[in-house]
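Thanks for coming. I will go through the chains one at a time and then the places where they touch. Please look at the model first.

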Amino acid sequence: MSRHPIRASALGRSALVHLTLGGYCLLVLCPILLVLLNSFKSRAGIFDDPLGLPTTATLSLAGYGKVLGDAAVGHMFVNSAIVTGVSLAAILLLGAMAAWALTEYGFFGNRLLALFLAFGIMVPIRLGSVAILQEMVALDLVNTLTALVLVYIAQGLPLAVMILSEFVGQVPQELKDAARCDGVGEYRIFFQVVLPLIRPAVATVAVFTMVPIWNDLWFPLILAPSEQTQTITLGVQQFVGQFATDWNAVLAALSLAVLPILVLYAVFSRQLIRGITAGAVK
Amino acid sequence: MKQKAGWPALVFLAPALVIYTAFSAWPLLATLRLGLYGTDDVGHVSFVGLDNFRKLLFDEHWFGAFRNAMVDNVEFFAIHTLVQNPVALLLAALLSLRGVRGAAAYRTVLFLPTLLSVVIIGFTWQLILSPLWGVSEKLMTLVGLGEHFGPWLGQEETALRTIALISVWQFVGIPMMLIYAALIAIPEEVVEAAAVEGAGAWRIFWSIRLPLILPTLGLVNILTFVGNFNAFDLIYAVKGALAGPNFSTDLLGTLFYRTFFGYQSETGSATMGAALATLMFLVILSGVGLYFLVIQRRLQRIAS
Amino acid sequence: MNALLRPTAFAALALLSVARAHAGTLTLESWRTDDKTLWDTVLLPAFTKAHPGITVKFTPTAPPEYNSVVSARLASGSAGDLITCRPFDVSLDLYKKGHLEKLDGNPALANFPDSAKVAWQTDDGKDTYCVPMASVIHGFFYNRKIFGELGLKPPATEADFHAALDKIKASGKYTPMSLGTADQWDTSQVVFTGIGPNYWKGEDGRKALIAGKAKFTDPQFVAVWQAMAKWPPYLARGYQAQTYGDTQTLFASGKAAIVPAGSWDIAFYQKEAGLDFGAFAPPVQKAGDPCYISDHADIGMGINTASKNKADAKVFLDWIASKEFADLYTNKATGFFSLSKFPIDVQNPVARQMVGWRLQCKSTIRLNAQIMSRGEPSMENELWNVNSQVLNGKMTPQQAAERIQSGFAKWYHPAAK
């Protein structure tokens with residue numbers, strides 16, 4: 001991308017900005033649109049005319065019929081939602097608490113503990129899979145959503161703590177001192193003074209902690225593959241593996257998997273913006 | 001200035017520490033310890049000291065695989081650093097400009113691929129690049145580049161680069177968001193002061209905003225580094241654990257998967273896998289350590 | 001784990017073990033995701049009718065992940081009661097690690113010939129750990145309409161084979177052969193081990209390798225790679241990125257004339273309404289040569305030693321060894337031929353054609369299935385690699401032979417025999 005100085009008028013600059021952003025947006029949207037459009041076509045239509053819109057001849061909902069008729073798709077969504085939601089809430093709360101403890105209080109081993117937690121960012125948690133599975137068997141948590149939640153909390157805490165620590169450290173000393181002078185207890189200081197101030201960071205951490213959990217394939221496969229506990233990602237993967245040659249079923253499955261993510265993100269994204277702008281305005 | 005620690009400190013810290021230790025730290029340490037053991041034919045595990053590491057570093061077959069994966073991983077990281085991060089910077093910078101209409105809509109769209117699971121992305125791109133389905137071939141012909149089309153995912157020379165670019169397509173949103181958050185955190189007064197002095201948008205960006213977000217750029221680089229050297233899912237979804245063609249898409253993550261859990265008739269060895277995991281950890285540790293000790297400090301200094 | 005957790009865990013485990021012992025439910029691990037509907041709607045109901053009180057749940061895992069996932073589950077004690085067994089070394093490894101029950105003494109095993117059981121026995125033949133279920137046969141399928149249009153007959157010799165391929169290519173309308181190298185396994189398990197037996201004379205060649213009397217660099221083996229190296233001109237454009245699914249789709253759509261296939265593919269192509277296809281055995285080198293086919297014991301079933309319900313599991317295995325199951329499986333899981341001694345009437349015409357080759361040709365299993373893939377490097381993975389590379393034109397036949405031989409010689413010392 002060339003970066004020569006822009007001396008054009010405000011209009012020209014605005015055009016360039018929109019061209020770049022819009023262009024990249026197209027690169028993002030086209031593959032997804034391609035999948036969505038073709039999911040409504042018959043096999044022949046997909047194969048022979050991939051770039052075309054579904055015509056009256058090729059329009060077909062057979063793919064969707066197969067997916068929706070197949071497994072407990074709704075149930076899988078609920079599983080994913082529960083696992084992601086509970087893990088996320090726990091990561092944010094426990095992470096913020098830990099970040100606060102590590103940055104605010106001086107005690108022996110403080111830096112060591114911070115390093116201990118940072119350790120978790122660098123080593124893929126999958127390395128410990130066999131040991132984790134054995135633990136879950138011993139605790140009789142195999143094929144439960146609880147197992148997934150616990151593992152995801154452990155997985156998400158290091159990065160959350162690291163990022164939140166940075167923001168917690170920026171809370172103005174005067175606010176804390178003032179609160180303490182007023183005799184406010186430590187717990188109240190955390191929940192009522194600090195937590196609201198780090199909301200933008202919490203929102204950002206939420207968005208990109210939520211994603212790896214929702215999309216994770218590995219742990220549902222190893223820890224909770226039973227029909228009652230299957231997540232939607234695992235379900236789609238099994239489906240795709242099973243119907244690899246049934247293109248309209250696969251494309252329908254992929255489309256259905258994308259839609260709720262879009263919805264979820266639309267909801268969260270407003271929170272995110274609000275959080276960020278609130279922080280900036282402060 | 002740190003507050004004196006009391007019960008509150010413990011209450012705040014304990015839950016996170018307990019869960020993390022029980023389900024992340026301890027299993028990982030148990031696995032690293034496993035690297036010092038060997039498995040025989042019947043599955044008996046016995047202490048073998050550094051024998052696994054000797055094999056990994058000196059045995060021609062093992063070291064060949066390890067070196068290949070390392071080289072691939074470095075190339076994978078290089079592509080991300082050269083493509084993903086500058087693109088993210090550009091997009092974030094454009095989004096943070098004042099008065100860009102529809103910025104929120106752009107932001108939502110640009111972050112979208114990050115939300116999609118690897119299964120979706122892997123299959124979608126495999127389909128698009130498939131010579132059988134012909135979509136990319138048709139698109140390239142439309143712009144007159146028809147003859148340049150090739151089965152990139154199937155050719156040794158181009159497979160890794162292609163998957164790396166797919167990965168960039170997927171993950172550009174994360175560094176974009178981080179940089180964007182940092183950019184809008186820059187106090188308005190600083191920017192306004194410079195504008196008043198007559199600095200153009202470009203100069204403002206280059207001499208004021210960029211230096212101020214250098215720590216964030218550093219963070220982005222580190223996260224990219226760690227993410228790339230742990231990468232596995234996309235390769236697995238597109239190429240399978242065997243990371244073909246001819247191991248040209250093999251990363252440390254896929255090598256680890258095959259070593260630990262086996263692949264087809266090759267029985268997995270938890271102990272060799274654990275040894276490999278230890279090496280991966282050391283690689284990542286040295287990269288991160290080097291970074292923090294040397295570069296991050298300089299960036300913080302420039303920024304303040 | 002902290003002090004409170006352990007007693008709670010034991011209490012919970014104890015309660016649940018009691019609960020499970022009464023359940024009469026079995027979980028069946030398998031890689032045949034394609035067969036889920038078959039098991040749920042045909043096979044398991046048939047079993048439940050014969051044995052009410054035992055419920056079986058069929059829980060398949062995708063084929064490429066099956067081996068590693070089941071291995072991980074067995075290692076940590078969370079695997080199902082019944083395990084679908086891969087043949088030879090993969091399951092032997094599980095048995096050696098103590099995960100599969102020894103089945104000797106089970107009268108049901110008498111229903112199977114020794115040649116079938118060998119895939120699920122220890123090297124000395126003394127311990128059997130899985131009940132054989134079915135085998136698959138390799139060959140080629142051809143599109144009858146295209147052949148009819150171009151006036152072609154199914155080829156019998158290599159020369160005929162190339163003549164047919166050339167003619168199809170010259171017509172310019174169809175892809176002569178549908179084959180890709182992206183997934184790699186098909187280049188080895190369908191192509192190499194499918195056409196190879198005609199060159200290395202089936203069991204003779206395989207056993208010679210194991211005995212150390214032959215090497216991969218001998219002419220009969222190199223010839224196979226030489227034959228494969230001639231195929232790229234007949235493959236579709238961009239075949240290097242063509243997956244197994246793509247291969248199936250291409251042939252099913254009627255755009256390709258020939259596809260190297262295994263009998264398990266019959267079920268897939270049957271579903272294609274407009275496709276009229278037949279099968280022919282791998283071509284021999286010269287007219288009059290004896291023919292060999294790859295007739296591979298592919299699937300068996302065993303019991304997890306950690307199962308809490310072994311009694312019911314044994315009942316299920318006995319049913320698997322019965323004529324009723326053999327008949328059902330052969331005719332409903334089209335392309336899988338029961339390994340039992342019972343004479344089964346194969347209904348599907350293409351399947352019947354393929355199983356008929358057993359009468360004209362000598363059978364052999366896939367070349368490297370027994371013993372040869374045990375060492376480091378695993379020959380199975382090596383074969384996938386070199387076969388794909390030969391077809392990609394990245395490796396010469398000689399190089400391929402040398403690579404496999406040197407990898408094999410690195411750990412295999414036949415002197416012990």
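A word on domains before anything else: the domain bounds I quote come from an automatic or database domain assignment. What you see is a predicted model, in which local features need pLDDT of at least 70, side-chain atom pairs count only at pLDDT 80 or more, and totals for chains, interfaces and linings use all residues. Residues are numbered from 1 along each chain as its sequence is written, while chains are lettered from A and ligands numbered from 1 in the order in which they are written.

Chain A, then. It is divided into domain 1, residues 10-62, and domain 2, residues 70-242. Taken over C-alpha atoms, the centres of domain 1 of chain A and domain 2 of chain A are separated by 36 Å. Chain A has 13 helices and one strand; here helices (H or I, at least four residues) and strands (E, at least two) are DSSP runs, numbered from the N terminus. Where does the strand fall? The pattern along chain A is α-α-α-α-β-α-α-α-α-α-α-α-α-α. Of the 282 residues in chain A, 49% are buried, meaning that 20 or more other C-beta atoms, placed from the backbone, lie within 10 Å of the residue's own.

Next, the contact between chains A and B. Two residues are in contact if their C-beta atoms, placed from the backbone, lie within 7 Å. On that count, 70 residues of chain A meet 61 residues of chain B. Helix α13 of chain A, residues 247-281, gives the most to the chain A side, with 11 residues. By class, that side of chain A has 56 nonpolar, 11 polar and three charged residues. The classes are these: Ala, Val, Leu, Ile, Met, Phe, Trp, Tyr, Cys and Pro are nonpolar, Asp, Glu, Lys and Arg are charged, and the others, Gly among them, are polar.

Within chain B I picked one helix, α11, residues 214-229. Its 16 residues should span 22 Å at 1.5 Å a residue, and its end C-alpha atoms are 22 Å apart, which agrees. The expected span is 1.5 Å times one less than the number of residues. Which residues of α11(B) are buried? They are B:T216, B:L219, B:V220, B:T224, B:V226, B:N228 and B:F229.

On to chains B and C, where 28 residues of chain B contact 34 residues of chain C. Strands β4 (262-263) and β5 (266-267) of chain B each supply at least two residues to the chain B side. That side divides into 11 nonpolar, 14 polar and three charged residues.

Last, chain C, with 18 helices and 10 strands. Its 417 residues would have a radius of gyration near 22 Å as a compact globule, and chain C has 23 Å, which agrees. That radius is taken over C-alpha atoms, and the globule rule is 2.2 Å times the number of residues to the power 0.38. Chain C is divided into domain 1 (10-134 + 297-354) and domain 2 (136-295 + 365-416). The contact takes 14 residues from domain 1 of chain C and 17 residues from domain 2 of chain C. On the domain 1 side, α16(C) gives the most, with four residues.

Methods
A residue is buried if 20 or more other C-beta atoms lie within 10 Å of its own, exposed if 12 or fewer, and partly exposed in between; C-beta atoms are placed from the backbone.
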